[in-house]
Amino acid sequence: MIAVSPLPHTELEDGRGALVKLDAVGVRYGSQWALRGIDLTIREGDRLALIGPNGAGKSTLLKSLLGMVPLTEGSVHLSQPPPTIGYVPQRLHFDASFPISVEEFMAVAAPGSSGWFGGVPASKKPMIMASLEQVDAAILARKKLGALSGGELQRVLIAAALLQNPRLLILDEPASSIDRRGAASLQTLLLSLHRECGLTLVFVSHDLHWVSHLASRVACLNGTLCGLGSPEEMLSEHHLEETYGDSFYPKAGSFGLDRRAV
């Protein structure tokens, strides 16, 4: 049985501590390996992007960090005290016609909630509004959840994750359902939260232009870890061609131009 183990404080070369360490992590679904041989250290203050084609194991890696899937082999070590983790899913599955407001949704997502019985408890109102204000979405508090645009919903989901007061924020394709302007605004917001709240960010994205402007490090996945380094290294045309070929990230000029998954 694979256990989640404590991670003694380890100061890395740049003076930051290790927050999470994965040692030889593997996850198998039936007879099929989704991930194998993953050695990865997430450092305090990282903005770590996970890239790779569909089926490369990106979502499985996120789920292993969240404890949502059991490890088949290897181990996960957490710093002490264990970091609180906030999670922003790729999409929220809900009935858009259901008459729940943003603040009511936030009340359900708040720590200690046991369900929604209508309205917002007065004791939770201040923390809900403070979290919405952090993402510049306080004006949306009374708007119906189903009436939000893609960008507005993404901000509300981030605000809900911030209710946990996380040290580590994990985001699955945060910019996938919003337009270019909204994606740029979201990028600015995440950089601000990283700087002002001391958040460590781990996120999946197929938009390499977006990755290049947000990430401090990039991990390339394809069933295993194929590379880890700076955006300049990992998103170079040479490295992408060598790792994935032309079928996933087509040639698109020099680093920094927009490359999107096909």
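I started with handedness: α4 and α5 cross in a right-handed way (right-handed means the near helix is turned clockwise from the far one by less than a right angle, left-handed anticlockwise). Helices here are DSSP runs of H or I, at least four residues, numbered from the N terminus.

A note on what I'm looking at: this is a predicted model, where local features need pLDDT of at least 70, side-chain atom pairs count only at pLDDT 80 or more, and totals for chains, interfaces and linings use all residues. Residues are numbered from 1 along each chain, and side-chain values use heavy atoms, without hydrogens or water.

Next I looked up the packing. α4 and α5 (residues 180–197) sit at about 15°, axes 11 Å apart (axes are lines fitted to C-alpha atoms over the stretch in contact, and angles run from 0 to 180 degrees between N-to-C directions). So α4 is roughly parallel to α5, the word for angles under 35 degrees.

Who meets whom? Q154, R155, I158 and L162 of α4 meet S185, L186, L189, L190 and L193 of α5, contact being heavy atoms within 4.5 Å.

Then I checked the core. The largest nonpolar core has 49 residues, and I51, M106, I158, L190 and V218 have the most contacts inside it (a core is a set of buried Ala, Val, Leu, Ile, Met, Phe, Trp, Tyr and Cys joined through side-chain atoms within 4.5 Å; buried is under 20% relative accessible area, with a 1.4 Å probe and protein chains only). Its largest share, 8 residues, comes from α4 (residues 150–162).

Last, α2 (residues 102–109): 6 of its 8 residues are buried, M106 among them. The cover includes α3 (125–134) and α4.

Notes:
Buried < 20%, exposed > 50% of the residue type's maximum accessible area, 1.4 Å probe, protein only. Helix = DSSP H or I, 4+ residues; strand = E, 2+ residues; numbered from the N terminus. Parallel < 35°, antiparallel > 145°, perpendicular 65-115°, else oblique.
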